[in-house]
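Hi everyone, thanks for coming. Let me put the structure up, and then I'll walk you through it.

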Amino acid sequence: MTEIKKTYKNYVDGNYVRSESGKTYTVQLKSESYELPLTSKKDLRDAVTSSKKGFDSWNKLSQYNRTQIIYRLSEMIEGNRDSYVEILLDHGLTKPAANKDIDNAINTIVWYAGLADKWEQLTGNLNPVVGEYFNISHQEPIGVVFSLNSTEVSIDKLVRSFLPALSIGCSVINLSENNAVLALKLSEDINNSDLPSGALNLLSGNFSNVLDDASRHVEINTLVSYKKLNKEMLKIINENASTSVKRIFHLPSEDGLSSILPFIETKTVWHPKGR
Amino acid sequence: MDKWEYAESIESDSIVSIQSKYGHFIDGKFSTPNSKNYLKTVSPSTEEVLASISIGNEKDVDKAVNSAKEGFKIWSKTAPSERAKYLYKLARLIQERSREFAVLESMDGGKPIKESRDFDLPQVASNFFYFAGWADKLDISWGTKEMKPYGVVGQIIPWNFPLLMLAWKVAPALATGNTVVLKPAETTPLTALLFAELCEEVGLPKGVFNLVTGDGTTGAELVNHEGISKIAFTGSTSVGKYIQNAVGERDIGLTLELGGKAANIVYNDAALDQAVEGVVNGIFFNQGHVCCAGSRLLLQEDIHDEFINKLEKRMQTLRVGNPLDKNTDIGAINSKEQLEKITSLVNDGVNDGGELFQIECELPSTGYWYKPSLFTNVQPSYNIAREEIFGPVLTTLTFRTPEEAVEIANNTEYGLSAGIWTEKGSKILWTADRLDAGVIWANTFNKFDPSSPFGGYKESGFGREGGRHGLLSYLKVRS
């Protein structure tokens, strides 16, 4: 029987889509070769439109619900472990290394699932101001986040490039480059985890094609890169970001409480006490 | 007027001694600048020249940054509890010389002595006390495994709260183990220069605190210096954008506290007399030279006439005049340039069709002054409803429903602060949840505390100053 091969597409607004440009790029693994969508500026703008809506629908869910949706992602990955192992082996990992990476990813997802309903208790607080005032620093997710995945071949690194923002309520546009097969494969399990459309959009391509738009688009509130960027790119990003005071984070923490700090806005509310 | 006149009660300026010329404070001492250019700092209430201030050039900034680099070698190895003690000692000295600082602040910047004495200086001291106590508790402040100071921090501060902005910047930076090169505003450098003397007095290690005076060119030299690991800036959004752009290819820290155009929302179920007080404090505090000033009054339509009537009556009781008179509510506008900007924006408002009310009062014949002003009949598209005026000018808009109030309040690129006035608790929380603002005052306004984080959403900047959150502006954290 002839083997049939899966076509990987971008995951935008809960749909699997090709690049509107029709362009692809080749990712050659040990045994398979994939033609992945080369994300265009227009694709990015579509993803932003989706993420704006995704932010609202993701935030309408209770933290309790969000915890369960993220936890479900770990269940889905466990159920499809063999197919992930296969892809990781094709990327050149050994079988033990592939299984270890999947174990790590599941642990990471479970950790962030449990954070979704606790992060505000860990980062917000009452402030002991002088005088008869109630003063609280409430924590809010910043909004739409564009995130560039690292170049490592790792499901764990991949999920760490969107869960810190996603788990606290941001919507995320995540771009992977030469390791994008992993992200597009993961989109199937994301889709089966009941995440609202647009809360997470997974794209493949070359960051330099969308760098200008990603750093300039006023509806992207924060741009974060888990890949080390060269000076030329940093210069363009800062220049573009300055037009709307966009938040930029280059190689932020990827674990623990510090990983979510780039994506928080602190809102401090005062009220007098009295009779 | 059918009221008794106030008798003058002038705070003596004999407590301050001002030198005719100042250098920069680098490597633990005042030194002769490399720059031969000076500017004159003027009292905005008398137009008298108070002193000549060096306009620091590239070499002056370079010397200060190198001093801070050397200082960092010592300071980063100084025991946290020892760092704390230096800050406590500074706090004590500030308390002891509080009156001197307050008078100097009012002379150089034009703010009423009532405010510099009762607000600025107590807050300055309490900021040093507050952050002193964090210096030896950083490891337990955020539950993270790794925290490192940036190194040399370049700090640029504005002229509206000169010494308080210094405290907001310097206290957390030093507590977290960074060293500082500070550039005060060109119109208000004198209290920062006096603060440098205190650093010498407490024996702060050389190079930990450096001060370079100057204008925008000096600030640009500091921002562009490659020895800087982090920039902290408070000022206008346009300069903030310039700085973010200037960071360019450098992978350094940046926090920005920029402009605002805060909505002060008064619902029809508010305690109106209290709201009037809050609205007056919200816009006329410090002549309206406040980035978080409640400059857009949003009134629910059915209370508009009643509220405006009460507000105009209350405004008429404000006393404008000599900043050193203890009766003064509204002091001098900080500079001629700022006065021209306010005048021009108010003219725009009148030309656009806004209805202008200004209080009846006599303004001194010398100095820079502006009458407390209120605009009604304003459309949201007018300049006065969109641009930061940074003066004693309040713009009124109306709304019918809470949803509309939130929409108008958020319809700005700024997001620094907001006010909510209602006696209904659930409405406060509903509104606060929906406002894009970093600081929200409900049934109060313009309250500050070292323990309370301050900073903006959107184009009002990023990062927080004050509180536990303020530590993060000066630490690189991992895990």
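Chain B is split into domain 1 (21-258 + 458-478) and domain 2 (263-442), with bounds that come from an automatic or database domain assignment. Please keep in mind that this is a predicted model, where local features need pLDDT of at least 70 and side-chain atom pairs count only at pLDDT 80 or more, while totals for chains, interfaces and linings use all residues. Residues are numbered from 1 along each chain as its sequence is written, and chains are lettered from A and ligands numbered from 1 in the order in which they are written.

Taken over C-alpha atoms, the centres of the two domains of chain B are 30 Å apart. Domain 1 of chain B gives 20 residues to their contact and domain 2 of chain B gives 25; contact here means C-beta atoms, placed from the backbone, within 7 Å. On the domain 1 side, helix 3 (98-109) and helix 4 (113-134) of chain B each give two or more residues. Helices are DSSP runs of H or I with at least four residues, strands are E runs of at least two, and both are numbered from the N terminus.

Now, how do the chains meet? The contact takes 35 residues from chain A and 41 residues from chain B. On the chain A side, strand 12 of chain A has the largest share, eight residues.

And what does strand 12 of chain A pair with? Three bridges join it to strand 18 (residues 439-442) of chain B, and the two run parallel; pairing requires at least two DSSP bridges. Trp270(A) stands opposite Trp441(B), which is in strand 18 of chain B.

Definitions and conventions: Two residues are in contact if their C-beta atoms, placed from the backbone, lie within 7 Å.
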